[in-house]
Structures are given as structure tokens and as C-alpha cells.
Amino acid sequence: MAAENGHRGSGIAAIMGIGKAVPAHVFPQKSFPDYYFDISNSSHMVDLKAKFTKISAIEELLSLAVLSLSLLITITQAKCAYRSASGKNMELANHGVPRLGAEAARAAIADWGGRASDITHLVFVTSTSGCLPGADFELLVLLGLPPSTKRAMVYQAGCYGGGTALRLAKDLAENSPGARVLVVCSEVIALVLRGPSESHVGNLVGQAIFGDAAGAVVVGSCPAAAAAGERAMFEIVSASQEVVPGTRDAVVSELREEGIVFTLHRDVPRQIGDSIGRLVERALLAQQQPANAAIGAADAAAPDLNGMFWVVHAGGREILDRMESKLGLGKEKLEASRAVMAQYGNTRSSCVVLVMEEMRRRSEERGLRTAGEGLDMGMLVGFGPGLTVETIVLRALPIN
């Protein structure tokens with residue numbers, strides 16, 4: 001375990017800097033239904049518009065972030081029918097993903113206190129761009145990273161991609177002495193935007209809840225001495241990935257000529273709720289195995305889930321409600337996730353980083369002992385197509 005001052009680690013990978021970036025233009029959710037149905041020439045779909053407005057209210061959304069005013073203008077000028085081609089939107093996504101990611105990365109590097117030239121590895125995640133060279137290559141130029149930076153590009157992982165990237169970063173940091181891994185998750189929903197369809201209500205849900213954002217972290221092991229300015233905020237104790245059986249078609253995202261077409265099954269909240277208890281228990285048992293072996297598994301105390309902090313992907317209000325209920329969590333435990341959902345919507349892979357940053361900010365404002373709401377142990381949960389679930393056990397270190 002890391003020393004009390006957070007400057008000396010045990011070799012366990014730790015998050016040393018966090019950054020986020022959201023578009024400069026934010027569209028108020030209360031006026032978005034009128035705008036959305038107008039530009040898609042769908043204002044005559046009165047019942048569908050009412051349903052769209054209700055979805056926004058149920059999810060308690062406050063705003064919808066979009067890339068820029070240029071995106072709004074482009075969408076307005078282009079066809080926005082359900083099956084319309086999206087060549088211009090592809091250009092916007094390929095341009096916007098690395099640039100929004102670079103903004104988040106600069107914030108994470110500044111928070112870390114190091115230099116861009118000290119980054120040794122880059123893990124870049126996106127589900128909304130697909131060009132080669134990819135956004136990871138563009139980031140080398142935008143940030144001035146060394147040409148020797150070892151890169152890994154993760155495409156089309158969807159909402160669990162943030163957890164995947166942290167799991168990969170843990171392996172890289174712990175197995176490459178001196179490594180400093182920059183993780184960037186950037187999502188620009190230009191390829192997702194399309195007009196409503198009466199026969200595809202899942203698409204309507206996505207138009208209401210998906211938003212643009214990028215999140216970035218710097219991961220390394222054994223922080224340098226205090227003089228170097230490094231500090232570990234969250235140790236990545238253990239990381240697991242598992243597929244929930246029988247859920248292959250629950251969340252489906254396909255890149256087609258008309259853009260990214262997705263299907264969201266109505267049973268997703270129930271499926272996640274029914275499996276989350278088992279997945280959390282397995283993740284906690286995995287990181288406790290040495291201790292449990294010493295005292296005997298039968299005598300091992302059941303974890304106090306309300307004594308932990310929770311960094312949960314904000315996939316939707318009902319999903320958060322189900323998790324809260326199934327795990328027996330107090331209303332305050334998922335506050336950071338609910339705040340991110342309300343302000344930015346579901347930002348796919350970047351969402352868990354935004355939740356972590358929100359939790360850290362709130363903890364510091366309240367003068368709490370750790371960035372994990374003053375607590376020591378916590379759990380990060382990301383989920384997406386598959387249904388694939390990433391569970392990461394975190395240890396929050398004392399704030400200096």
C-alpha cells in the first residue's frame with residue numbers, strides 16, 4: 001500500500017492526474033426537442049416528439065453538449081432523416097475526436113504535474129471515429145508527444161471502453177518500469193445524430209441521452225519524490241472484465257453508411273441490475289484472495305458496500321436506480337454519476353473519467369481526507385455492448 005503522503009507507492013498502478021473536456025457550446029435540453037424535430041423535418045411526429053421530451057425529463061437531463069456551433073450549422077443544412085448518409089458528420093467526428101481528447105489530455109497532464117515529453121505510453125479510446133492514422137496518431141502532433149510513444153488504439157468498445165483503457169494502463173504501468181501512461185477517451189456524437197424513427201424507439205432514447213465529452217488520466221506506478229510534484233490519487237488495485245450471459249443483443253452499435261446505428265433493449269437496466277451484485281462480489285473477492293486465504297474464506301467479512309465510494313458509468317437514470325437498489329446503496333453513493341448524467345448525458349467511454357473527476361472535485365471542495373469522498377476503498381463500474389462489464393477496485397489515497 002502507498003505511504004500516507006501518497007508520494008511513495010508499492011508498485012501498484014495509480015491515477016496521478018485527471019482531466020476532462022466538453023464542447024464550448026451546450027444546448028439546453030428543454031429547447032432541444034423543438035430544435036431536433038425541426039431540423040429533421042419531423043415536427044409532424046407530435047406523439048414521438050412528446051415521447052422524446054418525456055425521455056429527457058425522466059432522465060433528469062439539464063443540457064446536451066455538442067461539438068461546436070459548426071456542427072449545429074452542418075446538421076441543420078444537411079439531411080437529418082433516420083437513414084440519411086453522413087459523410088460530413090464523419091469528417092466532423094474524425095476532426096473533433098482527437099481535438100477534444102487533446103484538451104482533456106492537457107488538463108490531465110497539468111493536473112499530474114509532469115511534461116508531455118515524459119509520457120511513455122498512450123491508450124486512446126473512441127467509438128465515434130474510424131479513420132487511419134487514428135486519433136492516437138493525431139494526439140502525438142497536437143500534444144507534442146515523443147515519436148517513440150507506444151500507442152494502443154481501442155475502437156468501438158462503446159460505454160465500457162473507459163474501464164478497458166484503465167485496465168490496459170494498469171498492466172502497462174506495472175510491467176514497464178518508469179512508464180507514464182496517458183489514457184484518453186473521446187466521444188463526439190456526430191455519427192450518432194439522426195432523425196427520429198417510429199419503429200426504432202431505441203434510437204430516440206440515444207438522441208436524448210448521448211453527449212460529447214473527453215476524459216483523460218495519467219497512470220503510473222511508484223510516484224516520484226515530492227520534489228517532482230507527482231502524487232497518487234487512486235490506486236488501481238485490481239481490474240476485471242466479464243460478459244453477462246444471454247445479453248448479446250441488449251446493446252448493439254453498428255457503423256454503417258449512414259453513420260453509427262444503435263439498438264438499446266428495454267431490458268438493459270434489469271439485466272445490469274440482476275448481474276451487478278455477483279460481478280461486484282467477484283471483483284472484491286479477487287482482490288481479497290490473499291487475505292481470505294490466510295483467515296479462511298468462510299470467516300472473511302462481507303464487504304460494506306456503503307463504506308465504499310462508487311464511480312459508475314452514467315448510462316441512464318433507471319440503470320443507476322437499479323444498481324442502487326440491488327446493491328443496497330444509500331442515495332448519496334451515486335451522486336457523482338447522477339450529476340454527470342444530468343449535466344453531460346451518457347458520454348460513452350469518457351463517462352467514468354468524468355464521474356471520477358466530479359467525485360474528486362466534490363471531495364476537495366468538502367475538505368475530505370481522500371478524493372474518494374473521504375473513503376479508502378471504492379469500485380469503478382463500466383458497462384456497454386455485450387453486455388460487457390468492467391469492474392475496477394480502487395484505493396483512494398490521502399489528499400496532501
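Trainee: Let's start with Cys 159: which residues does Cys 159 touch, not counting residues up to four places away in sequence?
Mentor: Keep in mind that this is a predicted model. Cys 159 touches His 313, Asn 346, Arg 348 and Ser 349, along with Phe 383, Gly 384 and Pro 385, once residues up to four places away in sequence are not counted. UniProt, in an unreviewed entry, lists Cys 159 for "active site".

Trainee: Where is Cys 159 found, and is Cys 159 buried or exposed?
Mentor: Look in the loop between β5 (150-155) and α6. Buried means under 20% relative accessible area, and Cys 159 has 12%, so Cys 159 is buried.

Trainee: What about Thr 164?
Mentor: Thr 164 is found in helix α6, residues 161-175. With a relative accessible area of 9%, Thr 164 is buried too. Leaving aside neighbours within four places in sequence, Thr 164 is in contact with Gln 241 and Glu 390.

Trainee: How many disulfides does the structure hold?
Mentor: The general idea: a disulfide is a covalent bond between the sulfur atoms of two cysteines. This structure holds zero. As for other cysteines, Cys 131 counts as partly exposed at 22% relative accessibility, and so does Cys 222 at 41%.

Trainee: How do I read a nonpolar core?
Mentor: In soluble globular proteins, nonpolar side chains tend to be buried together. Here the largest nonpolar core has 89 residues, and those touching the most other members are Ile 15, Leu 182, Val 219, Phe 234, Val 311, Met 356 and Leu 394. Helix α4 (residues 87-112) supplies the largest share of this core, 10 residues. Domain 1 (13-228) and domain 2 (236-288 + 304-396) both give residues to this core, so it lies between them.

Trainee: Which residues of helix α9 are buried?
Mentor: In α9 (residues 317-327), they are Ile 319, Leu 320, Met 323, Glu 324 and Leu 327. Look down the axis of α9: the buried residues fall within an arc of 135°, so they line one face of the helix. Just after α9, Gly 328 takes a positive phi of about 70°.

Terms used
Residues are numbered from 1 along each chain as its sequence is written. This is a predicted model: local features need pLDDT of at least 70, side-chain atom pairs count only at pLDDT 80 or more; totals for chains, interfaces and linings use all residues. Side-chain values use heavy atoms; hydrogens and water are left out. Helices (H or I, at least four residues) and strands (E, at least two) are DSSP runs, numbered from the N terminus. Buried means under 20% relative accessible area, exposed over 50%, partly exposed in between (1.4 Å probe, protein chains only). Contact means heavy atoms within 4.5 Å. A disulfide is a pair of cysteine sulfur atoms within 2.5 Å. The arc is that of the directions from the helix axis to the C-beta atoms. UniProt positions are given in the numbering used here, feature names are shortened, and annotations may be inferred rather than shown by experiment. A nonpolar core is a set of buried Ala, Val, Leu, Ile, Met, Phe, Trp, Tyr and Cys residues joined through side-chain atoms within 4.5 Å. Domain bounds come from an automatic or database domain assignment.
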